[in-house]
Amino acid sequence: MNNETTTLVSLKEAMKRVDHKLQALEAQFKELDNTKDNLTQKFEHHSKTLASQAAQDEMWTAVLAMKFTSIELNILYSYIIEVLISLHTRVLEKLPDLVRGLPTLASVLKRKVKNKRIRVVWESVLEECGLQEGDITAICTFFIAHGHKADHYAAKVRQMYIRDITFMITNMVKNQDLQDGLLRAVQVIEKGKAERIPEEQKSPLKELISVKN
C-alpha cells in the first residue's frame, strides 16, 4: 500500500511537471505568435510605404517627363491653380474663424494632419468636389513641378488655344494616377464637380469625362 501511495504521489508530481512544461511551451508559442503578428504588421506597413514611395516616384517622373508646349502647359496650369484656389476658398468659407491661421492651401494641408476640425472640413470639401487625396497629390505634384514657369490663362483664352483639354491630357499623360488627377481638376472647373468612376469602368474614362467646350 505504501509503495502504491508513493507511486501515485510520484506520478502526480510527474504530471504536474509535465503540465508546467506544457504551460511554459504554450506561453512560448503565444509569444512567438505575437512576435510573428508584429513582424507581419511591420512588413505590411513597410511594403505599403515602399509601394507609396514607388508610386510617388513614378508620378514625379511622369510630371517631369511631360512634353507640353508652353501654351499647353499654361492651360493645364490654369486649371490646376483655379482648383487649388477653389479648394482653399471653400475651406475658409467653412472655417471663417481660422482665416488668419490658414493663409494658404499649404497651411491647410499641413494643419489638417493634427487638427481634426480642419481635417473634417477638408474631407468634406474634397467630397463636394468629387476629389480624393490621390487627386490632390497629383494636382500638387504638377503645381510644384511646373507652377514656377507657367502663366494663368482665363477660360476664354484657354478655349481659343485648345478645344479639347481632355484629349490633350489622356494623349500626353501616361501615368494613370496623374492623368486621373488632372482630368478631375479640369472637371471641377468645367462642371463644378469631378465624377468618380469605378475601377472596372476606367477603360472608357476618356469618353465618360470629356469636357464640353
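**Close-up 1. Buried residues along helix α5 of this predicted model.** Start with α5, where the buried residues are Asp135, Ile136, Ala138, Ile139, Cys140, Thr141, Phe142, Ala145 and His146. An α-helix has 3.6 residues a turn, so residues three or four places apart point the same way. If you like a quick geometry check, the 14 residues of α5 should span 20 Å at 1.5 Å a residue, and the end C-alpha atoms of α5 agree, being 20 Å apart.

**Close-up 2. The largest nonpolar core.** Here you are looking into a core of 48 residues, in which Leu87, Leu131 and Leu182 touch the most other members. Two or more residues each come from α1 (2–64), α2 (70–94), α3 (105–111), α4 (116–129), α5 (133–146), α7 (165–172) and α8 (176–191). With 12 residues, α2 gives the most to this core.

Close-up 3. Take a moment to find Leu64, which lies in helix α1. Leu64 counts as exposed because its relative accessibility is 58%, and the cut-off for exposed is over 50%.

Close-up 4. If you are setting up bonds, note that the count of disulfides, taken as cysteine sulfur pairs within 2.5 Å, comes to zero.

Note on methods
Residues numbered from 1 in each chain as written. Predicted model: local features only at pLDDT ≥ 70, side-chain atom pairs only at ≥ 80, totals over all residues. Heavy atoms only, no water. Core = buried A, V, L, I, M, F, W, Y, C linked by side-chain atoms within 4.5 Å. Buried < 20%, exposed > 50% of the residue type's maximum accessible area, 1.4 Å probe, protein only. Helix = DSSP H or I, 4+ residues; strand = E, 2+ residues; numbered from the N terminus. Expected span 1.5 Å × (residues − 1).
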